[in-house]
Amino acid sequence: LGLTLYAGSLCVVSGATFLYHDYCVIGAGPAGLQAAYFLQQAGRDYLVFERSHAPGSFFALYPRHRKLISINKQYTGKSNSEFNLRHDWNSLLSHDRRLLFRRYSRDFFPSADAMVRYLEDFASLLKLQVQYNTAIIHVTLEKNEQAWNGHYFLLTDQDRKNYKCSSLLVAAGTWVPNVVNFPGSEYVEGYETVSVNPEDFTGQTVLILGRGNSAFETAENILGVTNFIHMVSRSRVRLSWATHYVGDLRAINNGLLDTYQLKSLDGLLEGNLEDLAIVKDKKGKLHITLRFYLENRNISAGIDSITLPQDELDNFATRAPYDRVIRCLGWKFDFSIYNRSLRMMPGKGNIKKYPQIKPSYESRGTQGLFVLGTASHSVDFRKSAGGFIHGFRYTIRAVHHLLENRHHGVPWPSTVYPITQLTNSIIKRVNEASGLYQMFSVLADIILLRENATAFEYLEEYPIGVLAELELQTGRKARNGLFVIIMEYGRNFSGADKDVFYYNRAVGEAQHAWQSNFLHPVIYYYKHLPTEHEVRLHHPDWPLPRPDAIHHIVEDFLTEWTAPNAHILPLRRFLENCLSTDLRNFFAESCFLFAFIHQKLPPSCQLGYVKMQGLVGSQELRHHAAQAGLLQDYTHTDFSDDRPLDSHDGSQEQLMRDHGIPVHPLQHLINAKDE
């Protein structure tokens, strides 16, 4: 039987033998392993290809100085595992509690070696299907109408072995170093090979090209042994606490900013690196000049024959020669292995290092090809955390749900609740959901209303970029309106030039919630599912198209949106206004009264009291409700009066009082109207 199954997985194309799998995953880094986990849990046929002998090979080399900048918070004061993932930026999602990263390191900023061990255990303990020492060197297409997407993906490895799959998941990351070519760039050392021993830089003058975390990490390592360090880049420094983007400069690496601003020789410069040129003198010193000075000159003729900027401007900033120049410009995606038939094209502008993909993470050029992990960051570059483990672990789960619905007819997971649970469901999610919290403005919870708003269907962490395709992508229907719950920062609070520490930066009152600056929940209400045209043309400063109604839950210093008056009451009233119903929960006595004076009972009475499922009263509950003003206190009413009923004045209100039935606060108005 085993031989038969193996033979069934082989196919022959033009004389070549291909090993077939439904899903092929390129790369066994964090993204590839996360995708493999979900495929394995669903029982799908897949194989992961890894060029190295172990998973997470990127972390075996990077960061060069071995300290990660991803938070590993051991304690939060809470035992809720979903909430704790908000402050665990390294763990992948799984059912195995042994595979939480805090079990591998107690450091707030852990070592990259701990990440390597973690990924090795993740692959082995979960028995993921990873084929190591397999470098995919070529990917192309084979047209076939019987295939899931109208074509198969054909893969070839370094040993000329061939593989065939119906869906291709690219999780290879961005690992090709960014290199800027200019005259003299051969004298530049790369971040990937430069020495990490500070003693090798003792008494030297260093120029660093770049201004990201790798550049500042390198500077931090040698800050105490160099003469001085200069850093040059085309853009100004971006501080992560100002931009609220974790890929910008983190505080752990910004020591050079101190020495620059406190006048200790180090400094930052802005300039286009492509306009630079480096000339080496006879002593091995490196002189910085500009490219146009070298036009029509032979750089090998020697520095004496070359005009330097300081010859014309004697206070030119980089006139001092350098001992070393180090390139720290980050990485880009490797497009070289993909055949032109796949149309894997780089993005434009500041996302040109990533492949072009849709908001669903599917390639714009080829159906069935999905880009996962760091390489998918073009969807939310400088907006959210999709380029990092604590972000893409959720986007990969979202892609898995999309694939399950598309290829296997498994709808997006959802839960149906009675409408009385609407407020509670939202409050629960915004207080503990880690996917909404990490992938703010990108993933959203969707609430699909049932007919007459008697119930709702709750979908978690759906990509808002494909909101118009919700019915197609999820297999769920949105015929009666929907709520979209996302997390957002204030509109004008994030930016490289923003002062995020100004005096009145926080909002504390519910009526000013729309002015909240810090991360807070926002609920959008749509009477109808937005169209693709509306999604595509929505205002760039808004994550979603214009809603029929919108509600901001006011920001909270503790990120706990549980305050009855500041958080829950305004939310409930917003939902009631959208649905034209009363979402309060009532005691049986109140429901009994409503049955006399209202044509339609509130939902909690319809689903509870009318069906004999209401909250049974007790003396303690009655006393508590009376103190809270929810019920009239009639415990001391004198029931000893044995007058006949016909001796009453006939008023409905007096009749209720005499028999211990609480009178509705508006009853006197109803009586007046009747009169």
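Residues are numbered from 1 along each chain as its sequence is written. Because the model is predicted, local features need pLDDT of at least 70 and side-chain atom pairs count only at pLDDT 80 or more, whereas totals for chains, interfaces and linings use all residues, and side-chain values use heavy atoms, with hydrogens and water left out.

**Exercise 1.** Determine the strand order of the open sheet of 6 strands, and identify its edge strands.

*Solution.* Strands are DSSP runs of E with at least two residues, and helices are runs of H or I with at least four, both numbered from the N terminus. Two strands pair if DSSP finds at least two bridges between them. On this basis the order is 18-20-19-21-22-23, and the pairing is antiparallel. Strand 18 (414-418) and strand 23 (549-552) form the edges, since each pairs on one side only. From one strand to the next, the twist averages 20°; angles run from 0 to 180 degrees between N-to-C directions, with axes fitted to C-alpha atoms, for helices over the stretch in contact.

**Exercise 2.** Describe how strand 22 meets strand 23, and which helix packs there.

*Solution.* Strand 22 (residues 520-526) and strand 23 run antiparallel and are joined by 4 bridges. Tyr525 has Ala549 of strand 23 as its bridge partner. Helix 15 (residues 564-579) packs on the sheet, in contact (heavy atoms within 4.5 Å) with strand 19, strand 21 (482-488), strand 22 and strand 23. The direction of helix 15 makes about 175° with that of strand 23.

**Exercise 3.** Decide whether Leu276 is buried or exposed, and list its contacts.

*Solution.* Leu276 lies in strand 13 (residues 276-280). Buried means under 20% relative accessible area, exposed over 50%, and partly exposed in between (1.4 Å probe, protein chains only). Leu276 therefore counts as buried, at 13% relative accessibility. Not counting residues up to four places away in sequence, Leu276 touches Phe182, Pro183, Leu209, Val232, Ile288, Thr289, Leu290 and Arg291. The C-alpha atoms of Leu276 and Ile288, 12 residues apart along the chain, are separated by 7.0 Å.
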